[in-house]
Amino acid sequence: MAERCAVIGVGQTRHKRARDDVSIPGLVREAAARALEDAELTWTDIDAVVVGKAPDAFEGIVQPEYFLADALGANGKPLLRVHTAGSVGASTFIAGSHLIRSGAFSRVLAIAWEKQSEGNAQWGLSGARSRGTGAGGYFAPWLKTYIAETGAPEHIGWLVAVKDRLNALKNPYAHLRLADITVEKVAASPMLWEPVRFLESCPSSDGAAAAILTNEAGARRAAQRPVWVAATSTRSELGSFPGRDPVRPQAAIDCARDAYRQAGITEPRREIDVAELYVPFSWLEPIWLEVHGIAAQGDGWRLVADGVTELTGAFPVNPSGGVLSSNPIGASGMIRCVEAVLQVRGGAGEHQVDGVRTALAQAYGGSAQYFATAVFRAAMP
Amino acid sequence: MPASDIAIVGYAQSPIAATSASEVQLLLPVVRDALAMAGLGYGEVGFTCSGSCDYLTGGPFAFLFNLEAVRAWPPIEESHLEMDGAWALYEAWIRLQGGDIDTALVMGSGKSSSSRPADVWTLQGDPYYLAPLGVDPLSLAGLQARALIDAGKATERDFAEVAVRSRRNAASNPHIGAHVGPHVGAHVGPHLGAAGELSVAAALGSEYVRAPLRAHDLAPFSDGAAAVVLARGDRARSLCERPVWIRGIDHRIEPHLPGFRDITSSASTSLAARQAGYHGGPVDVAELCAVSSPQELILRAALGLPADTLVNPSGGPLAGNPVIATGLIRIIEAASRIMNGSADRALAHAAGGQLLQQNLVCLLEGELWPNGVP
């Protein structure tokens, strides 16, 4: 019989292009210490630690969690290191939730990080070959296919780019602060990988995010109002084979369906109040809206066009500013979870959406082939 | 408390040797064979978890390609750890506790021959204090051996006896092949080979590689892969005549810098063993992830193994060490002896980091519980 899992503390760093004011241990400790402070717990209250980050090639350290064990207060405890490419932050959260559900541990620290300023992420993403196309070059043909198939007008991508950057201005932890951003500026920014323009792309950030997970007994004693993990799901598929649809990956669809089944969600648009989706390139927002059943197939872009996904819209997406505003790659999936938790708790501050009872967090990795999804609720499942 | 009725019902390991095959080519047959042993088809597994290390392949996202080996289509529920496959088994064991699935597939793979291990593993050190010193794993092993001698806990002859027994045991291990190393990128002195007869006197007469360690005291860097199938309760009994029950499994980590801990003992191994439910008592077989002969002595003491326990009957890592799969292979070697009836109770150990920084202990049993219900 599985234990219930709740989040009782969250923390994240101020995300920046280069956090040259802290070492790597300093960065992860900043997020972990904030999560502990939020939970009103100390390092000794933690039973196990799960660490996630994207490829070690980004910082040039093999399995860096071994040297981070001290900074994370992990000595004498179990420590796991997850790596599922871009989805890793959410996968790390889910691995932590499994430790709670198993009944083996009462309080788990799940933390994910990336300090991209230590190395060259484009080099790392390109299979450690020079002058690779980068992630944008990889995804651009699929985004073009989406546009061709749905007839979406080109300004949809610009709208997403502006919305997320304006949301980021309300989030004190966000990296990009583009106060003067406009649709015209996005449209005039250089074309990087058609149809993705410079201002439709995520930045490269340093950052970390952490969550403290506990069981039902721990939630009862928590300092914060616990936020319940109503569902977690992961799905993976091969990155390339004849017949694969990379625009609507089956793994993404299955992952959403599995999470909804666990949470008892049958009408996602009505039953979910806010979503933090992994959108490193603007056009992925309408695509994920469709994959998650929030919009009908081919209609995702219409929600964007109608302003439905704005902070004050009927279905806000990425009120934090999303990956388009902060992208410490390994941490980005965890930031989605942390922000979803804050929304359910009513603790998101200026970018809080009113009356959130249910929030969705999602991340993807690899060739849009690794998916990790979680549903958070105010009510105990 | 986690359930203790999760069992190993299938497994397979590749030849442990240098190969031109890719990591996914190493994994394809072991996944096929482990599933066949359990009588499960691709797609019939509830959860899949793999352990691999990008730096061995020399590029990011090595594990993405390893998905080919499990035929991840239709999509599967899956995770990946940048750790030895033994920890992937741990994560699968944790996932099975959720109660909604009853089978899991675990993989571990490592291909050291395509990189220079002495360079790669030096980059595992703290990037501010340790890595800049260029301390490679063999030098660290030498420091540990020296500390053990200085503490009066062992002699060079003790080391040689461990190595001689490992080589003798390895001679009957069908998986052991030709190795890379043992000192890739830092070759010093003659390579004595990992398997076959060697006398203690001859061993002690050979040159030092890193004093006080000689070639036979150090594990080679090998290529290899392994896969394990887990199942719960009645499902395990239906899939396997003699399931190998995981009575307990736990892992613990210690401070990173060697100067911050006692490297002549292994506190985290002792703790993990207790947490896994081993408090002494008879153990038929122990498979220990000792990558130097002194480490076997340290681990025996840390676990408190009885004198009559058969240690590393496979030859252990000194005979074959496909890093990142070595720990999972220890679990397979221990489980295989329970499965074939030659053992009833076994301990398997896996390690991560340098000088036993992180240790996993798994307590395996073959017998059914008295009333048939755990």
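# Questions on a predicted two-chain model

Student: Is Ala31(A) buried or exposed?

Tutor: In this predicted model, Ala31(A) has 28 other C-beta atoms within 10 Å. A residue counts as buried when 20 or more other C-beta atoms lie within 10 Å of its own. Ala31(A) is therefore buried.

Student: In which helix is the place of Ala31(A), and which residues does Ala31(A) touch, not counting those up to four places away in sequence?

Tutor: Ala31(A) sits in helix α1 of chain A, which covers residues 24-39. With residues up to four places away in sequence left out, Ala31(A) touches Gly11(A), Gln12(A), Thr13(A), Ile111(A), Trp113(A), Ala208(A), Ala209(A) and Ala210(A).

Student: What distance separates the C-alpha atoms of Ala31(A) and Asp56(A)?

Tutor: Along the chain, Ala31(A) and Asp56(A) are 25 residues apart.

Student: Which residues are in contact with Val228(B), leaving aside its neighbours within four places in sequence?

Tutor: Val228(B) is one of the residues with the most contacts inside the largest nonpolar core. Beyond four places in sequence, Val228(B) is in contact with Ile8(B), Tyr11(B), Ala34(B), Leu89(B), Val106(B), Leu328(B), Ile331(B) and Ile332(B).

Student: How are α3(A) and α14(A) oriented to each other?

Tutor: Helix α3(A), residues 88-101, and α14(A) pack with their axes 5 Å apart, and the angle between them is about 60°. Among the residues that meet are Val88(A) and Phe93(A) in α3(A), and Met334(A) and Arg336(A) in α14(A). The contact divides into seven nonpolar, six polar and one charged residue. With roughly perpendicular starting at 65 degrees, α3(A) and α14(A) are therefore oblique.

Student: How does α4(B) lie relative to α13(B)?

Tutor: The axes of α4(B) and α13(B), the latter covering residues 326-339, come within 5 Å and cross at roughly 65°. Angles of 65 to 115 degrees count as roughly perpendicular, so α4(B) is, relative to α13(B), roughly perpendicular.

Student: Which residues of α4(B) and α13(B) make the contact?

Tutor: The residues of this contact divide into four nonpolar, two polar and no charged. On the α4(B) side they are Gly85(B), Ala86(B) and Leu89(B). On the α13(B) side they are Gly327(B), Leu328(B) and Ile331(B).

Student: What is the handedness of the crossing in which α10(B) passes α11(B)?

Tutor: Helix α10(B), residues 267-275, and helix α11(B), residues 293-303, pack at about 40° with their axes 8 Å apart, and they are therefore oblique. Thr269(B), Ser270(B) and Ala273(B) in α10(B) meet Leu299(B), Ala302(B) and Leu303(B) in α11(B). These residues divide into four nonpolar, two polar and no charged. The crossing is right-handed.

Student: How many residues of α11(B) are buried?

Tutor: Helix α11(B) has 11 residues and is mostly covered. The buried ones include Leu299(B), Ala302(B) and Leu303(B), which meet α10(B).

Student: Which residue follows α11(B) with a positive phi?

Tutor: The phi of this residue is near 65°. The residue is Gly304(B).

Student: Arg71(B) and Ile324(B) have a positive phi without being glycine; which of them is buried?

Tutor: Arg71(B), with phi of about 50°, is in the loop between α3 and β3 of chain B and counts as partly exposed, with 15 C-beta neighbours inside 10 Å. Phi near 85° is found in the other residue, in the loop between α12 (316-319) and α13 of chain B. With 32 other C-beta atoms within 10 Å, the buried one is Ile324(B).

Student: What is omega for the cis peptide bond from Ala211(B) to Pro212(B)?

Tutor: Pro212(B) lies in the loop between β5 (208-210) and β6 (213-214) of chain B. Another cis bond runs from Trp73(B) to Pro74(B), with omega near 0°. For the bond from Ala211(B) to Pro212(B), omega is near 5°.

Student: How many residues does each chain give to the contact between A and B?

Tutor: On the side of chain B, elements giving two or more residues include α4 (85-96) and β8 (244-253). That side divides into 24 nonpolar, 13 polar and 11 charged residues. Chain B gives 48 residues and chain A gives 49.

Key. Residues numbered from 1 in each chain as written. Chains lettered and ligands numbered in written order. Predicted model: local features only at pLDDT ≥ 70, side-chain atom pairs only at ≥ 80, totals over all residues. Contact = placed C-beta atoms within 7 Å. Helix = DSSP H or I, 4+ residues; strand = E, 2+ residues; numbered from the N terminus. Nonpolar A, V, L, I, M, F, W, Y, C, P; charged D, E, K, R; others polar. Core = buried A, V, L, I, M, F, W, Y, C linked by C-beta atoms within 7 Å. Buried ≥ 20, exposed ≤ 12 C-beta atoms within 10 Å, placed from the backbone. Axes fitted to C-alpha atoms, helices over the stretch in contact; angles between N-to-C directions. Parallel < 35°, antiparallel > 145°, perpendicular 65-115°, else oblique. Left-handed = near helix turned anticlockwise from the far one by under 90°.
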